[in-house]
Amino acid sequence: MKETVSFEIEGRTVTFETGRLAKQAHGAVLCTCGDNMVLVTVVSDKSSGDADFFPLTVEYVERFYSTGRVPGGYFKREGRPTTDAILNCRLIDRPLRPCFPEGYNFDTQVVATILSYDGQYPINNLASIAASAAFHISDIPFNGPIASVTVGRVNGRMIANPTHEQLENSDIDITVAGTKNGILMVEGEAKFVAEADVLAALRFAHESLMPVLNAQEELRKKVGSTTKREFTPVEIEPQFRAMTEAYLRPLVEAALSERQKQTRYGQLDAAIRSATEKFIPQQPSELQAQRTKELGKIFEDLKYHMARRMIIVDGVRIDGRDTKTVRPISTEVGLLPRAHGSGLFTRGETQVLGTVTLGTGDDEQKIDALEGLTLKRFMLHYNFPPFCVGETGRVGAQSRREVGHGNLAERALKMVAPDYEKFPYVLRIVSEVLESNGSSSMGTVCAGTLAMLDAGVPVKGNVAGIAMGLITDGGKYAILSDILGDEDHLGDMDFKVAGTRDGITALQMDIKIDSLTFEIMEKALAQAHDGRNHILNEMEKTIRAPRGKISEYAPRIETIQVKPEKVREVIGAGGKTIKAIIEATGVKINIEDDGKVHIAASDPEATKKAIKMIQDICAEAEVGKTYHGKVVKIADFGAFVEILPNMSGLLHISEISHERIRSVGDVLKEGDAIDVKVLEVDRSGRIKLSRKALLTRANVDA
């Protein structure tokens, strides 16, 4: 039976509908707002719960018919997910994941299909809230609902779910997800915004979530409050837990006191192997597989509680630091002779090599998205090979994690990239994570800054990033600066903040508890500010400002301005003219509709030659000026002389000489090079030339 619920956000009506579409899914909600429609279905397998983790997958399916367009490419159908689709999958997944019961490891899938899109409204938020609504009305165990909203700020006014046009004028672009109790996830960017303003935006976001959460509760009541399927986590036999915990506790305690990651991991591996060898053979053969899995759970629980107790009670972290100290930092620049810029950033056991390549207009990335074809001039690509954590694994296509971490670092750094008009280069930053033990994405931000400074990119400021953590027992809590990988895994929060000394440029937060209070967020932002400035101080000991010149291997780009009406002449029919210039000089040329022409080459002489050829094409005849021209056509009444490329004027027979001439052919022939003076350019652009104006009687008599 069809049921609908409507509510308003920023004066726009949003509607949830269920019971009409995709009725065999365990939950299905169609969410609409204006011309935007997204169908979200959720299904959770009822027969497979043996995984050691929660296998939740989210698919964000973009259909080009939703915007009335045919996909580009040879096959003319949608292919693999775009980068934006992957990022939207993550935005849906991250706040949902903490809302399922501990131990619920049944295969669960969310599919969000974009059916109609106006190109303006943030439809990813409709997909996110529809996913929560679908889970909430289903029989799948779910501790929701949750909601998400994007916040912008235009001229000091906060806006919920701003349009693309509003975001272009906004200094904040942050997506926030949460429950009625508090915030679950944050992802976004800002234009050097102060911590207090970011906190105000988060408070505004949380208030904006309330109508969405209330609407989901109303929809569940209308559907009839479907009974959630029974789920009880498997209980471990108390006697087995007690004896294995007693054996493992001193081994885990000794391992957690080891400050070096690989040594600590080696001792932990030895501890679980020893316990397995001691206890599993004693179990009945039919229970050994189950007991092995239970022993792993006991081991993980023990690590979790012991590491957290060290921090909450003793105030000592796994590597011996207090809660605010940042690990030792070292930095280098100029490591790679052929890269246009390179920087190595090492913080504790996290090490990232950043590189910068300066490209021309030909290197812009063309993206065929639902919004249409867009061009990208600033790119950051993040690589996380398995060796960086001492493991083997697949090397090849980017994982969703790599896409997400790269996007966060790109958000942080693109804010300080110079304006294209002042520095007409395409910038590509590549992050190679060489070692990882906590926040390689923030290490990428720091390495990227070093590489841009080394490349001579005139950045608007230096950017650093830091990852903050949280350990709480419900009463006491500790905020941790510069978290380790283990503190991320065992802790309650991963809060990454990047920016300059002037303000925040990007932030991302995920939590594993029910929600986060604004008191904790305020303290975390303040502590992150201090840590970020400390990291900047360490980086600037190596390099503080951009180098005064770019690499000798980078293309030199010169920009000239021609009249917009001359652009077609420079390009020529079918690109013939511009191709001829490129072939003759070896340069790269990018010409814009407003008449800006960017010429790139490693050889300055080639650039000069190309500029002259373009200027000759765009030059206009000046009255009174002398030109060295070539006769291109003979007529009875005179000769046509080309004085500039593709520009000829008439040299009348009476203007050839002071003497009377019977036939033009007696004096001139096609191909002759002669000097002529421009006498007149009429309104139609016709040019009148004279040769005799340059000749004196004496010259003639001689």
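Which element gives the largest share of the lining of the largest cavity? In this predicted model, local features require pLDDT of at least 70 and side-chain atom pairs pLDDT 80 or more, whereas totals for chains, interfaces and linings use all residues. Residues are numbered from 1 along each chain as its sequence is written, and side-chain values use heavy atoms, without hydrogens and water.

The largest share, three residues, comes from strand E23 (strands are DSSP runs of E, at least two residues, and helices runs of H or I, at least four, numbered from the N terminus). The lining of this cavity consists of Thr360, Gly361, Asp362, Ile557, Lys588, Ile589, Asn590, His598 and Ala600. Two or more of these residues come from each of E23 (588-591) and E24 (596-601).

The structure holds 45 salt bridges, defined as a side-chain nitrogen of Lys or Arg within 4 Å of a carboxyl oxygen of Asp or Glu. Lys414 pairs in this way with Glu189, their closest N and O atoms being 3.4 Å apart. Glu189 is buried at a relative accessible area of 11%, while Lys414 is partly exposed at 37% (buried, under 20% relative accessible area; exposed, over 50%; partly exposed, in between; 1.4 Å probe, protein chains only).

A second salt bridge joins Arg317 and Glu487, with closest N and O atoms 2.8 Å apart. Arg317 occupies the loop between helix H7 (288-312) and strand E11 (329-333), and Glu487 belongs to helix H10 (residues 485-490), 170 residues apart. Both Arg317 and Glu487 are buried.

Terms used. On a 1 Å grid over the protein atoms alone, a cavity is a set of points where a 1.4 Å probe fits but cannot get out, and a pocket is an open set with protein on both sides within 12 Å along at least five of seven lines; lining residues have an atom within 4 Å of a point.
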